[in-house]
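Please open the structure in a viewer and keep the selection tool at hand.

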Amino acid sequence: MKKVLSILLLALGLVACQEKSNLISRKIPIQLIPTPKSIEAGNHAFLITDKFFEMSAANTELQPVLAVFKKELEVLSDFNPTISTDGDQSLLVFRLDDSFAKDAYQIEISNRILVKAGSPQAAAMARITLLQMALFEDGALLFPQVTLDDHPDAKYRGLMVDLARNWHSMATIKKLIDLASYYKVNYVQLHFTDDQSYTLPSKKYPKLSTPDRHYSFEELNELETYSQERGVTIIPEIDVPGHAKSLVTAYPELFGIAAYEQNPYIIHMGKEEVYAALDTLFSEIIPIFKATPYFHIGGDEARFDQVMEDPEVNAYIKINALGNNDVHELYRHFLVRTNDLVKKHGKQTCIWEGFAKEGQVEIPKDMIVFEFESLYHLPNDLIDAGYTVVNASWKPLYVVNEKKWEPQTIFDWNLWRFENWWSRSPATANPIQLEETSSIIGAQMCTWEQSQEIEFSSLRRRLPVLMERIWNTNMTVTYDVFMERLDFTDETLSILANDATQDPILLGHNHKEPTN
């Protein structure tokens, strides 16, 4: 009886307000992650009962965003809106506005919904804000009456997924893209290659692709489109010169040093044919991921055993006058040459922290350094030297099977803090807390070695915490309030992703931080 009465009142309210507007007297709770910069809420709700209501994109570039929004509404409800290209008469309008910064957007909800955005990516983020505010009740769709302005503090908000150690299906990757999009991650780095497998395709070097553990060119092109429609940009990574056993095993005569059977983990850094091969591999992959300004070359944890015993290496070092037969200078030289290859293809190089502060060969400042271990090159030294840095601090931003941290630990971290758990790192005994600096452009959560079966559940209550802390570098809510919001947004995410699984460690509240 109560439900029938509720429906009647809703219908009567609709009839009454349709003559004037779509507003009804109803205050809807607003629980958003990340917290928006500015929000003014009224005491009314915008009501839609027409399941085929019209929404429009004032710019053709926004039509893919609306198409995704339409699909998401269909998953969450029985609403099936139509998409129009004839703007301003629709109930919901998306519009680009040149006066907005690229990653800024505004939502005005009164007698209609108007979204203004600085780019299609910002519009994609605005659609998520709408989804998190939407209330489906008694066959109607309601939104709170608000004026909301939003933009992130950190321009780089990343997630890295390891596809090489534990292969992930394309369906799993798309699901992780959905998760990233839902919490306004703008970059997803895909670790395509490592010792265990080479998951990329290649026309010139087909033996590189690990059997039953690689993707086709068609799949990668589809993934690029899928990600861009959701406001997520993919950064591909080919990890060299270390972590390269998959390359050496496939083509030892090309990539292997003379003693490659003893050290198959590093490619030959003293052979022109290797640089030519890398140029070819880059040229096959970079054009697929058109949207990204970045390409990641790995560059860390190279094993130098037996490298200097190779006659070609020694000859190359002599020709290029690389110090006193120092393999570390050859390694630095390799990074410089690889950076040149990346720039040749119109991208900016990303690299893991792995090169030392000292060295005769200067590492270019136009590389973006992902600081993860605070062992080889400390973040304060990188910044003092003029490098641009992404914070990928092992603690608390690594998600590695049992070596992962609770949401509270992530929430208590900040963008300028670097910490580790391994005794060799200086950041373990004394975490490195820097002053605020624009040289750190953002942060990245990195998930390593995990099976695809646990990736989503491991991230769903950790990744949003990171996004809150770098969207708003000054804490705007308490941890308890944030977790209440996360419970709310996670319910919608479960429906969108068709996944209700949770990390059993977090559910049991018995997680312990890893120790050495």
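**Two residues with positive phi**

Begin by selecting serine 374, which lies in the loop between strand E15 (368–371) and helix H11 (379–385). Helices (H or I, at least four residues) and strands (E, at least two) are DSSP runs, numbered from the N terminus. Serine 374 is not a glycine, yet it has a positive phi of about 50°. Its relative accessibility is 2%, so serine 374 counts as buried. Buried means under 20% relative accessible area, exposed over 50%, and partly exposed in between, with a 1.4 Å probe and protein chains only.

This is a predicted model, in which local features need pLDDT of at least 70 and side-chain atom pairs count only at pLDDT 80 or more, while totals for chains, interfaces and linings use all residues. Residues are numbered from 1 along each chain as its sequence is written, and side-chain values use heavy atoms, with hydrogens and water left out.

Next, select aspartate 212, in the loop between E11 and helix H5 (217–229). Aspartate 212 also is not a glycine and has a positive phi, of about 65°. Is aspartate 212 buried or exposed? At 73% relative accessibility, it counts as exposed.

**Two cis peptide bonds**

Move to the bond from valine 240 to proline 241, which is cis, with omega near 0°. Proline 241 sits in the loop between strand E12 (233–240) and helix H6 (245–250). Then select lysine 395 and proline 396, which are joined by a cis peptide bond with omega of about 10°. Proline 396 belongs to helix H12 (residues 394–397).

**The nonpolar cores**

In soluble globular proteins, nonpolar side chains tend to be buried together. A nonpolar core is here a set of buried Ala, Val, Leu, Ile, Met, Phe, Trp, Tyr and Cys residues joined through side-chain atoms within 4.5 Å. The largest such core has 143 residues, and those with the most contacts inside it are Ile107, Leu130, Phe255, Ile267 and Met269. Helix H3 (residues 120–133) gives the most to this core, with nine residues. Apart from this core lies another, of 20 residues, among them Phe370, Ala392, Tyr398 and Trp448.

Select methionine 269 and display its surroundings. Leaving aside neighbours within four places in sequence, methionine 269 is in contact (heavy atoms within 4.5 Å) with residues including Pro241, Tyr275, Phe304, Val327 and Phe334.

**The aromatic cluster**

How many aromatic pairs does a search of the whole structure find? The search finds 26 aromatic pairs. Rings of Phe, Tyr and Trp (its six-membered ring) pair if their centres lie within 6.5 Å; planes under 30 degrees apart count as stacked, over 60 as edge-to-face and the rest as tilted. Select tryptophan 352 and tryptophan 448: their ring centres are 5.7 Å apart and their planes are at 50°, so the pair is tilted. The pair links distant parts of the chain, 96 residues apart, with tryptophan 352 in strand E14 (residues 348–352) and tryptophan 448 in the loop between strand E20 (440–447) and helix H15 (452–459). Tryptophan 352 is buried, with a relative accessible area of 1%, and tryptophan 448 counts as buried at 12%. To show the cluster that holds these rings, select Tyr156, Tyr187, Tyr294, Trp352, Phe370, Phe372, Trp394, Tyr398, Trp421 and Trp448.

**Helix H16**

Now select helix H16 (residues 463–471), which is mostly covered: nine of its nine residues are buried. These include Glu468 and Arg469. Proline 464 is located in H16 and is buried, with a relative accessible area of 0%. Not counting residues up to four places away in sequence, proline 464 touches Ile33, Tyr183, Leu459, Phe482 and Leu486.

**Asparagine 314**

Select asparagine 314, in helix H9 (residues 311–319). At 25% relative accessibility, asparagine 314 counts as partly exposed. Apart from neighbours within four places in sequence, asparagine 314 is in contact with Met308, Glu309 and Asn325. Asparagine 314 and valine 327 are 13 residues apart in sequence, and their C-alpha atoms are 9.3 Å apart in space.
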